[in-house]
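Q: Can we go through this one together? I'd like to ask about a few side chains as they come up.

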Amino acid sequence: MEVRNNNNNKYDRQLRIWGDQGQLALEQANTCLLNCGPTGSEALKNLVLGGIGSCTIVDDSKVEARDLGNNFFVDWESIGLSKAKTVCNFLQELNDTVKAKFLEESPETIINVNPDFFSQFTLVIATQMKEQSLLMLDAICRKQGVMLLIARSFGLTGLIRISLKEHCVIESKPDNVIHDLRLQKPWAELKRFSDEFDTEIDDSVIHKHIPFAILLIKACEDWRKTHGDSLPSTSKEKAEFKNLLSSKRRGVDEDNYKEAILSAYRVWSSPTISSELQKILNDSAAEVNMNSPDFWVMVAALKVVVETIDTSVILSIKYIENVEFLPRPF
Amino acid sequence: MLSQKAKVLMVGAGGIGCELLKTLALTGFKDIHLIDLDTIEVSNLNRQFLFRKQHVGQSKAKVARDAVLKFKPDIKIEAHHANVKNSDFDVEFFKQFNVVLNGLDNVDARRHVNRLCLAAGVPLVESGSTGYLGQVTVHVKDQTECYECQTKELPKTYPVCTITNTPSKPVHCIVWAKDLLFARLFGDRNQSSDLIVHTNDRTSSAATADTDFFNIKDGETPESYACRVFDGVFGDNIEVALRNEETWKSRKRPRPLYICEVYSDAKKPRIDGSCNSPDGNDKHTASAARILGLSNPQEVWTVRDSANVFLKALELLLNTRQKDIGSLVFDKDDQLAMEFVTAAANLRSSCFDIPMQSLFEAKGIAGNIVHAIATTNAIISGLIVLEAIKLLMGNLDDCRTTYCLEYPRRKMLLMPAELSAPKSSCYVCSQSTLLLEVNTTMTRLREVVEKIVRGQLSVNSPMISQGPCLIYETGDDLEEDMVTQYNQNLEKFLDSLPAPIVDGSILSIEDFQQEFTCHLQIKHREIFDEEKEPDNMVLSGKLSTTRDQALPGSVQLTAVADNVSIHAVDDDDEVILIDEVAKQDLKRKVLDEESVIVCGKRQRTEVS
């Protein structure tokens with residue numbers, strides 16, 4: 001994707017909305033537009049500007065005088081010519097990285113005679129079509145795993161419908177990322193590492209450099225020993241936990257203790273797997289085979305990790321950014 | 001047909017403008033004037049579809065007109081490549097239109113157009129968009145609120161002390177790098193600098209306290225200069241700041257960073273004084289990062305990378321832009337400047353344990369870039385035309401404010417709200433009096449003119465008088481001795497003016513072009529809070545523009561143009577809450593987005 005590294009990028013403003021992943025998804029998509037009247041042409045214009053991979057216009061009509069008033073993508077010189085071709089040429093001008101194609105054919109004919117035609121597309125946009133044809137088209141698209149978007153407009157009203165069997169999104173951008181520091185259940189190496197530190201040590205320099213995560217791991221252990229293996233849950237207990245940390249702090253310049261106290265909430269609010277995620281893990285589609293889409297393969301892999309390692313694990317390979325010097329766990 | 005007879009003025013030929021011009025043409029409008037001062041940039045091409053690659057650099061208004069005429073040769077479009085604030089566009093100019101349609105990206109111009117429309121008695125359809133969000137509304141004199149009846153939050157500014165001493169977010173470091181360091185090194189040196197950190201104990205301060213610190217010494221090579229500056233701002237300055245114990249009592253202490261630490265085990269990038277960069281000196285392509293092998297703008301650099309870029313970019317700027325040094329103004333599209341600012345911001349961030357940013361992200365922050373796509377603008381333009389038609393038909397009752405949301409709210413993606421009546425307290429359309437608290441014995445007229453009259457009141461060509469006495473005015477046709485008198489007045493303290501301004505005085509402020517008048521009552525006050533009232537002036541009364549009072553003083557930088565200063569920035573996205581029912585939902589949703597103003601909340605701003 002040479003455009004990505006271009007500093008003076010025409011996609012700059014939209015990259016700031018959907019990032020690289022979104023842009024890649026756009027650029028890998030092959031779309032098909034059925035009927036390039038004003039509705040379809042406008043829709044396609046926006047996709048082309050955004051950098052869609054390809055668009056194929058299917059329309060067997062010719063440009064007529066009455067089209068000139070309401071479709072920006074046909075002009076006087078194209079009267080009598082194929083509308084699909086005219087609109088296609090115009091759209092191609094908008095963005096030369098898009099593959100703009102056309103087929104002078106009626107959408108209904110293709111639906112009836114050559115349904116496999118649609119299997120090459122990621123998305124089909126059907127505009128101003130009758131219900132009967134749409135029902136057939138919908139069945140075709142479902143069978144072939146193609147997304148279908150239906151649009152109709154009349155004067156000042158219109159409607160859009162999406163028909164989609166399943167839509168999988170792997171990339172998520174959570175607003176609040178909570179890094180799991182594995183404070184309650186440190187894995188073996190982390191536990192060994194933690195054991196190497198001694199919070200009772202005399203040397204003040206070493207004392208104030210014990211990482212805050214280690215302080216919390218130890219505090220957790222100590223708490224468990226005196227509280228029947230449970231974690232602080234009531235606000236009284238939480239305050240008590242923090243006080244225990246405070247009591248070990250030897251001076252104002254011990255930032256590690258300050259940070260430990262501020263981060264103490266991580267001990268009792270460690271992230272767990274949400275019920276929605278659990279539902280996905282339990283879905284039968286997670287029993288994958290050779291034909292399974294990437295999404296389900298990744299779900300299956302996640303399932304293995306979750307079941308084998310720990311039910312409260314969300315892997316955090318960003319551990320090292322939170323606690324500077326610890327070795328990567330995996 | 002209604003549309004065929006109407007004469008329409010479009011202000012702005014950018015994101016909204018292109019879509020709007022197309023929609024107007026297709027709807028049968030035949031007489032259109034279009035004003036836009038901008039030229040076309042590459043980043044416009046993902047949505048401003050009337051423009052092509054080959055048009056980059058040309059006037060938006062003119063190219064837009066040409067593109068539409070190709071498809072609709074029988075309509076009349078007059079394109080003005082000019083600033084709408086230009087005196088040519090006076091009340092008489094505005095009076096010729098049946099309706100004015102705004103597709104602007106900054107508050108200042110919108111206020112100006114608002115006042116002209118009020119003066120001319122022409123209805124105004126206002127609009128704005130940011131990413132997936134947008135809105136359209138209608139302003140009709142005496143019937144609805146004017147644009148300024150509602151509080152508009154000023155663009156986000158940051159306290160001086162946060163920028164210079166206690167940054168905690170990436171944006172603080174970027175602002176520092178852009179408006180302090182870059183400005184000090186390459187801009188006007190006579191501007192006083194807050195770059196210098198002082199301790200309470202005045203006997204010890206940073207080396208940078210020396211006013212000549214940033215000047216290249218005789219015989220100093222670019223390399224040693226760059227290293228000296230590096231150590232000064234990232235090392236020395238921080239050391240000195242650390243000595244202010246009070247500051248760090250409840251904050252994480254920063255760590256100084258010196259060149260020798262960064263390169264303890266490696267070589268510095270070669271700085272040889274020659275610039276054989278193949279890109280030549282084109283400011284859009286000359287790049288330190290590329291020379292150093294950092295070709296992906298979305299990658300976050302390491303501290304070492306940032307130091308490399310800092311030194312290299314500094315060298316390149318010194319060597320290739322000699323004639324600009326001393327007057328260089330930061331431009332986010334100036335590749336070297338942007339790299340330098342990113343590197344400097346990252347280095348500072350690393351001292352303060354703030355996450356570093358990629359070039360791409362830093363550019364967005366430094367340039368106040370707002371994300372934008374084609375579809376929102378297409379929707380907004382449709383809504384604008386619908387409202388315009390209602391106005392032309394005389395159906396004001398049918399006019400609405402319409403919000404375009406990202407996700408349906410109560411099953412609505414386009415949420416309408418009824419228009420409100422004019423506010424009697426609006427000093428623009430209802431002429432109420434404002435109060436200015438100021439120290440009349442120690443404040444010069446110039447400060448009042450800059451900060452209050454032009455600044456907060458957004459008056460373009462002010463005429464200030466007290467009773468029958470003219471104190472100050474602007475204009476091309478003034479006599480020389482008047483100009484001299486006015487210039488002298490600017491430098492005088494308020495109470496020393498020929499017509500002294502003292503406690504209780506009432507000033508009239510007028511702008512003929514805007515046909516705007518307001519009255520300012522003066523109240524003398526001695527003490528001002530340095531943090532909360534850094535201007536040493538407080539404007540109040542029923543203001544339609546207020547600063548968030550909780551925000552301490554802002555870094556005041558008098559930049560040349562809106563899109564350069566850090567606080568007078570363009571914005572594209574006011575969401576005005578007027579429907580009680582929609583209010584809570586909208587507020588919540590909008591806060592989730594964190595990208596739109598809800599009166600009093602944070603704002604995203606744009607330079608397009």
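**Salt bridges and an annotated cysteine**

A: B:Cys161 touches B:Thr166 and B:Glu531, with contact meaning heavy atoms within 4.5 Å and residues up to four places away in sequence not counted.

Q: What does UniProt list B:Cys161 for?

A: The unreviewed UniProt entry lists B:Cys161 for "active site". UniProt positions are given in the numbering used here, feature names are shortened, and annotations may be inferred rather than shown by experiment.

Q: Where is B:Cys161 placed?

A: In helix α6 of chain B, residues 160-164. Helices (H or I, at least four residues) and strands (E, at least two) are DSSP runs, numbered from the N terminus.

Q: Is B:Cys161 buried, exposed or partly exposed, and why?

A: B:Cys161 counts as partly exposed because its relative accessible area is 29%. Buried means under 20% relative accessible area, exposed over 50%, and partly exposed in between (1.4 Å probe, protein chains only).

Q: What kind of model is this, and what are the conventions?

A: It is a predicted model: local features need pLDDT of at least 70, side-chain atom pairs count only at pLDDT 80 or more, and totals for chains, interfaces and linings use all residues. Residues are numbered from 1 along each chain as its sequence is written, chains are lettered from A and ligands numbered from 1 in the order in which they are written, and side-chain values use heavy atoms, with hydrogens and water left out.

Q: OK, salt bridges. How many over all chains?

A: 41, where a salt bridge is a side-chain nitrogen of Lys or Arg within 4 Å of a carboxyl oxygen of Asp or Glu.

Q: What about A:Lys248 and A:Glu200?

A: Their side chains form a salt bridge at 3.1 Å, N to O. The pair links distant parts of chain A, 48 residues apart: A:Lys248 is in helix α9 (residues 235-248), and A:Glu200 is in the loop between α6 (188-195) and α7 (204-207).

Q: How accessible are those two?

A: A:Lys248 is at 31% relative accessibility, so it counts as partly exposed. A:Glu200 is exposed, at 53%.

Q: Over to chain B. Are B:Glu220 and B:Arg228 buried or exposed?

A: Both are buried, and their side chains meet in a salt bridge of 2.6 Å, N to O.

Q: And which residue does B:Asp353 pair with?

A: B:Lys252, in a salt bridge whose closest N and O atoms are 2.6 Å apart. The two lie 101 residues apart in chain B, B:Asp353 in the loop between α13 (335-351) and α14 (359-366), B:Lys252 in the loop between α9 (245-248) and α10 (259-262).

Q: Which residues do shared partners join into one network?

A: A:Glu42, A:Lys45, B:Glu19 and B:Lys22.
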